[in-house]
Each structure stands twice: as structure tokens, then as C-alpha cells.
Amino acid sequence: VRLEDVMAHLDSGSRTAERSFLTVTQASTNFLARLNLNMAKIDNRLNDIMEKLTWATLAMAPINIIQAVCGMNLRNPWTYTTDSSLDDTGMDYVGAWLTIVVGLSAFTIAALVYIFWLMKPTRPKQG
């Protein structure tokens with residue numbers, strides 16, 4: 001065996017190893033790029049879901065405010081009493097309470113319709 005043949009064989013093996021290394025490096029780069037694209041799609045979907053949940057929370061806030069006020073020891077319009085120790089009967093506020101309850105309920109229904117039927121997620125076009 002000649003020394004020149006051994007050197008040529010080692011040189012060929014070295015070039016093959018270098019090409020294999022470059023191929024593996026390119027494949028891992030492509031895999032990581034594809035993984036980043038998938039993660040971006042997942043992040044966009046999560047952002048759309050969180051936006052809808054935020055709007056739903058905002059829509060439910062008026063109902064929670066009504067519940068908080070009605071749960072306190074305050075005079076409500078439906079607690080009619082004939083007790084003479086009270087200054088008024090509590091029935092003076094029926095119009096105001098009715099306006100608040102109906103208005104906030106209409107707002108809640110309109111917000112829910114907007115959220116779930118009219119609001120389209122904003123996604124970039126696939127191309």
C-alpha cells in the first residue's frame with residue numbers, strides 16, 4: 001500500500017464527513033425553523049383566544065356589578081315596606097334600577113353577540 005493512496009483515502013473520508021456534517025446542520029436548521037413557525041401559529045391562536053376571553057370578561061362585568069350592589073345591605077326597589085321608621089318606601093328607585101338592569105343586560109347581550117358571532121380572528125393569509 002502506498003502512502004499516496006492512504007492520503008487520498010483519508011482526504012476523501014474527510015470530505016465525506018464534512019459534507020455529512022453540513023447536511024446534518026442544514027437539516028437541524030430546517031427543523032428548528034419549522035418548529036418556530038408552528039410555535040408562532042400556536043401563539044397567534046392563543047392570542048385570539050385570550051382576546052375573546054377578555055371581551056367576555058368585559059361583557060360580564062356589568063352583571064357582576066349588579067350582583068355586588070344587590071348583595072349588599074342596601075335598599076332595593078323590590079323591598080317594599082310600610083315601616084314608618086324609614087324615610088321612604090324604597091319604591092322611588094324602581095325606574096333607576098330598572099334602567100340600570102335593562103341597560104347593562106342589553107350591553108352584555110350585545111357584547112356577547114359581537115364576541116362570538118361578529119368578531120373574526122385576525123390571521124395572516126397562508127401563502
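**Figure 1. Nonpolar patch on the surface of the predicted model.** Trp 55, Leu 58, Phe 107, Ile 109, Val 113, Tyr 114, Phe 116, Trp 117 and Leu 118 make up a nonpolar surface patch with about 970 Å² of accessible area together. Helix 1 and helix 2 (94-118) are the elements that each supply two or more of its residues. Helix 2 gives the most, with 7 residues. Patch residues have over 30% relative accessible area and no salt bridge, with nonpolar side chains (Val, Leu, Ile, Met, Phe, Trp, Tyr) joined within 5 Å and like charges within 9 Å. Areas come from the Shrake-Rupley method with a 1.4 Å probe, and for residues only the protein chains shown count as cover. Because this is a predicted model, local features need pLDDT of at least 70 and side-chain atom pairs count only at pLDDT 80 or more, while totals for chains, interfaces and linings use all residues. Residues are numbered from 1 along each chain as its sequence is written, and side-chain values use heavy atoms, with hydrogens and water left out.

**Figure 2. Leu 58 and Ala 56 in helix 1.** Helix 1 covers residues 3-71 and includes Ala 56; Leu 58 also has its place in helix 1. Helices (H or I, at least four residues) and strands (E, at least two) are DSSP runs, numbered from the N terminus. Leu 58, a member of the nonpolar patch, counts as partly exposed because its relative accessibility is 45%. Ala 56 counts as buried, at 16% relative accessibility. Buried means under 20% relative accessible area, exposed over 50%, and partly exposed in between (1.4 Å probe, protein chains only). Ala 56 and Tyr 114 are 58 residues apart along the chain, and their C-alpha atoms are separated by 9.8 Å.

**Figure 3. Thr 108 and its contacts.** Thr 108 lies in helix 2. With a relative accessible area of 7%, Thr 108 is buried. Leaving aside residues up to four places away in sequence, Thr 108 touches Ala 59, Met 60, Pro 62 and Ile 63. A contact means heavy atoms within 4.5 Å.

**Figure 4. Salt bridge between Arg 15 and Asp 11.** The two side chains meet at 3.0 Å, N to O. A salt bridge requires a side-chain nitrogen of Lys or Arg within 4 Å of a carboxyl oxygen of Asp or Glu, and by this rule the count comes to 1. Side chains of opposite charge can pair when their charged atoms come close. Arg 15 and Asp 11 are separated by about one helical turn, because they are 4 residues apart in helix 1. Arg 15 is partly exposed at 44% relative accessible area, and Asp 11 is partly exposed at 40%.

**Figure 5. The protein as a whole.** The protein has 2 helices and 0 strands. Of its 127 residues, 11% count as buried.
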